[in-house]
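Me: I'd like to learn how to read chain contacts and helix packing. Can we work through an example together?

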Amino acid sequence: MSLAHDARVTVRPTAAVQRSKLRGWPEIDNPAAWTVAAILLIMPLIANGFFLIEIFATTLILGIMALSLMFLAGYGGMVSLMQLTIAGFSAYMVAVFGVSGNANISLGWPWWLAVPMALALATIFGTLGGALAVRTEGIYTIMITLAIGAAFYYFTNQNWAIFNGHTGINTVATPHFWGVNWRADIPFYYIVLAVAALCYFAVDYISRAPFGLALQGVRDNPRRMAALGFNVNAHRVAAYAFASFVAALAGVLQVWNYRQISPGSVSVGACIDILIIAVVGGITRPVGPFIGALIFVLLRTFALDFLVKLGLDGNRFRLLIGLGFLAIVFWSSDGVIGLWQSWRHRQRFGAASSSGRRGQESGRESAQGSSHG
Amino acid sequence: MTRFVERHPAWALIVIIVIAVALWLIFAVWPQGLEDAIGRKRVFLNALFNGITLGGLYFLVASGFTLIFGLMRNVNLAHGSLYLFGGYVGYAISASTGSWVLSFIVAFILTALVGVLLQVLVFRRMEGQDLRQTMVTIGLSIVFADLMLWACGGDFYQIQTPNWLIGPVELPLVTAVKSSGEPVYLRYPLVRLVIFAASVVIGVAMWLALNRTRIGMIIRAGVDDRDILAATGVRIQLVFVGVFALGAGLAGIAGVVGGTFQSLSPGEDIRFLLASLVVVIVGGMGSIPGAALGALIIGLAEQLGSVYIPTYAIVVTFLIMVLVLAIRPQGLLARR
Amino acid sequence: MDSVAQRLSVVGAGAALELRGVTRLFGALAALTDVTITVRPGERRAVLGSNGAGKTTLFNCITGDFPPSSGTIRFFGEDVTHFPPYERIRRGLRRTYQISALFPGLTVQDNVYLACRGVSRGRFSFLRPGQNDALMHAAENLVQAVHLTGVKDRHVAELAHGQQRQLEIALALAGAPRFVLFDEPAAGLSPTERAELIEILTSLPAHIGYIIIEHDMDVALRVVESVTMMHNGRIFKEGRPQEIQSDPEVQELYLGGGHE
């Protein structure tokens with residue numbers, strides 16, 4: 001005890017700052033984070049129903065999905081394109097086991113039975129997919145998970161018995177209890193916010209727990225992890241299981257949000273959107289996916305008006321997204337957070353000390369490169 | 001081959017039995033009981049031929065994908081876009097000039113040019129960063145898809161089959177015997193057979209080029225060990241550009257073929273990207289014979305599946321991929 | 001699982017490490033041919049030989065990074081030939097790498113903590129270590145043992161080469177090692193750092209045996225009691241350091257070709 005204590009005192013100040021940043025909750029001593037939390041909490045007072053659901057709840061739901069990808073990619077070095085598929089599977093299961101307009105398909109279970117069932121099945125589905133993906137290394141993961149996502153999309157299109165083909169399942173029931181309609185704008189917003197906060201803090205917490213640390217070790221150097229006594233593939237599969245659960249939670253919220261689910265929601269393009277959200281936001285920190293999701297949702301909602309105002313074709317939203325994504329990939333290794341940080345760093349320290357930071361970053365990048373090699 | 005038999009006698013036996021059953025199904029006149037059980041022989045033969053010719057198309061797309069991946073470790077997720085681009089170019093040429101053959105040439109040249117530009121302007125700057133390259137290809141696929149939607153709209157296009165290829169041809173395969181004892185022969189669209197033959201020729205030519213020419217040896221050595229390339233003093237960038245051009249050009253040709261067989265519309269890019277992924281995962285990444293085998297298996301699975309188990313056709317394709325990943329994660333014909 | 005008495009009898013009965021007829025092929029190329037070695041518990045041995053003699057391949061076979069093509073490997077009496085690497089590590093085998101194999105995105109402390117965690121329970125724990133976590137303390141002690149306390153909260157990517165080599169050793173000493181394989185631990189170190197390395201090696205508890213691959217004869221011969229010479233993937237000579245040094249055939253080999 002005393003040894004550890006002394007050691008901490010002797011640490012140089014810069015390192016101490018870094019330590020508190022990494023060990024504890026970075027938000028506690030950050031006024032900006034408190035402000036954001038307060039705004040999110042009182043949002044129903046500020047925003048009307050459209051903004052509350054179409055912008056903020058949607059952002060948080062997409063953010064949770066992208067968070068599950070960030071966990072796998074940022075900490076585990078596994079870029080999985082099937083996170084939306086897992087969420088979609090979970091959404092379908094809520095619709096199939098619960099109550100919906102398609103009485104011939106839905107089993108009519110109450111939501112408190114249907115949701116745990118959906119979460120369990122989606123987690124198993126994602127874990128099996130992960131077990132398949134970890135049989136190869138690095139860049140192959142993208143191909144396999146994309147193939148899984150695409151296969152699920154085509155399957156939901158073809159299958160009528162469970163997934164009701166390309167029309168999907170409509171008018172899915174949402175929970176009512178304690179006299180509250182939880183799908184009404186304000187209660188639903190708070191449910192989404194609570195789940196998002198839970199997932200965010202869980203990911204942040206686990207990143208410093210033995211499981212999360214070991215996952216980062218697997219990302220940096222799987223062979224050495226095996227030589228330290230870790231079963232590398234078991235760790236990877238466990239990471240998929242956790243990420244699948246997070247994605248499944250988002251799926252439940254999504255089907256409650258739209259009250260319907262169809263193959264269009266699990267298309268390949270939508271799978272790739274989750275990757276774009278995570279990469280644009282930044283995949284090294286759990287806050288990145290939420291920032292990315294906000295940008296994405298704002299663009300998706302307002303691009304049409306914006307483009308028309310500029311005298312351009314309003315339908316070119318995808319083009320805008322694609323070009324923006326390319327720009328981020330070209331100029332930042334860590335999404336908009338990375339851009340923001342390097343900008344602030346330059347503001348604060350000037351050009352003189354920026355070389356050290358760059359060295360650190362290139363080191364991390366080479367580490368990531370080696371884990372995919 | 002003999003080594004494979006020696007090492008895996010059980011697998012070899014299974015393969016031999018499957019081949020024997022398949023040959024019997026193709027050449028024998030089916031007994032009444034079998035026709036009652038699984039339908040007419042004509043349906044089976046049609047599905048079989050459709051599967052094989054579709055496999056030829058998949059091979060054209062996937063061989064370029066696998067070649068680019070094998071040499072440059074670049075997972076080109078914009079490969080489907082190149083396919084669709086080639087198809088649209090082919091349609092434009094064939095609609096304006098009426099020449100089917102010319103549409104192939106122009107589509108090849110233009111998509112190859114796009115490939116060259118991509119390699120020179122984009123991928124060269126991020127060599128060795130395979131994840132970043134893949135991200136870029138994802139971004140490009142979105143941009144290309146939207147640009148093509150902009151230019152061509154959401155309509156379906158079909159490339160006109162030239163007159164000299166229209167119509168079925170009678171094959172010396174008996175589908176049934178009439179009550180009069182007169183055999184009925186299989187009639188099959190000539191254009192599909194010609195295209196399949198062409199893809200076989202392209203495949204063999206590629207295999208020969210890779211195995212019998214100096215530049216092919218260099219490329220193969222590069223696939224196995226990239227450091228060798230630098231050591232041989234070859235202008236490595238030139239090889240990369242050439243391979244990217246060839247891979248992209250093949251996707252372009254495949255687009256014209258796909259536009260003739262089937263049709264072109266937004267979304268086909270994703271479909272053929274997925275097909276390439278599955279074919280390459282099954283066959284073995286970076287291997288041309290692997291792409292051929294994978295394409296054949298997936299093409300057959302898709303067509304036979306859609307005839308005999310229509311709602312689960314996609315599942316069959318997917319299960320094949322799962323099975324291969326579980327048993328031989330590096331793919332059927334991969335060297336490593 | 002086994003009782004202490006059983007374990008002791010196994011240890012008493014046999015060698016720490018026993019390789020019989022180990023061969024490793026890469027394609028048609030034999031990197032190791034019919035290698036048979038027995039090392040007592042607590043024994044300290046050097047493996048010498050020119051580049052390509054098969055020394056690192058030998059290590060890779062012992063740890064299971066590359067399993068041998070044929071032959072058997074026993075670790076404290078137990079046949080581990082077909083065990084995955086992590087099972088061997090959990091039984092007390094450790095290794096370091098010739099080119100540092102660390103986790104550049106993590107801090108020094110976290111690197112060592114991972115090493116401690118890898119050979120104990122709770123590898124999948126979702127709970128963060130608390131203030132009094134025993135493994136955290138073990139990790140801090142190890143960090144101190146390799147003189148890295150001053151940089152323990154730095155990312156590994158920022159460390160100097162010598163510090164990375166020291167961390168490399170710390171990772172191999174986590175938990176309760178019974179036998180360690182050191183792959184050129186002195187490579188690229190300054191004379192001062194070499195002295196520190198020798199001190200770390202000689203102050204290891206007596207029950208911990210090791211094999212060290214080392215080109216620097218001065219380092220090697222000060223920390224070992226026996227030497228194995230390898231050449232072209234085979235065992236060439238075994239003996240005490242003085243015998244090997246004065247052996248005419250060894251001198252011939254070292255002067256004739258592979259000397260560096």
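Reply: Let's take the interfaces, then a helix pair. This is a predicted model, where local features need pLDDT of at least 70, side-chain atom pairs count only at pLDDT 80 or more, and totals for chains, interfaces and linings use all residues. Residues are numbered from 1 along each chain as its sequence is written, with chains lettered from A and ligands numbered from 1 in the order in which they are written.

Me: How many residues of chain B are in contact with chain A?

Reply: Two residues are in contact if their C-beta atoms, placed from the backbone, lie within 7 Å. Here 32 residues of chain B touch 32 residues of chain A. Helix 7 of chain B gives the most to that side, with 14 residues (helices are DSSP runs of H or I, at least four residues, numbered from the N terminus).

Me: And which helix of chain C gives the most to the side that touches chain A?

Reply: For that pair, 37 residues of chain C are in contact with 33 of chain A. Helix 4 of chain C gives the most, six residues.

Me: How do I read a helix pair?

Reply: Two packed helices are described by the angle between their axes and the distance between the axes. Axes are lines fitted to C-alpha atoms over the stretch in contact, and angles run from 0 to 180 degrees between N-to-C directions. In chain A, helix 7 (residues 111-133) and helix 8 (residues 140-158) pack at about 145°, axes 9 Å apart.

Me: Which residues meet there?

Reply: G129(A), L132(A) and A133(A) of helix 7 meet T141(A), I144(A), T145(A) and I148(A) of helix 8.

Technical notes: Helix = DSSP H or I, 4+ residues; strand = E, 2+ residues; numbered from the N terminus.
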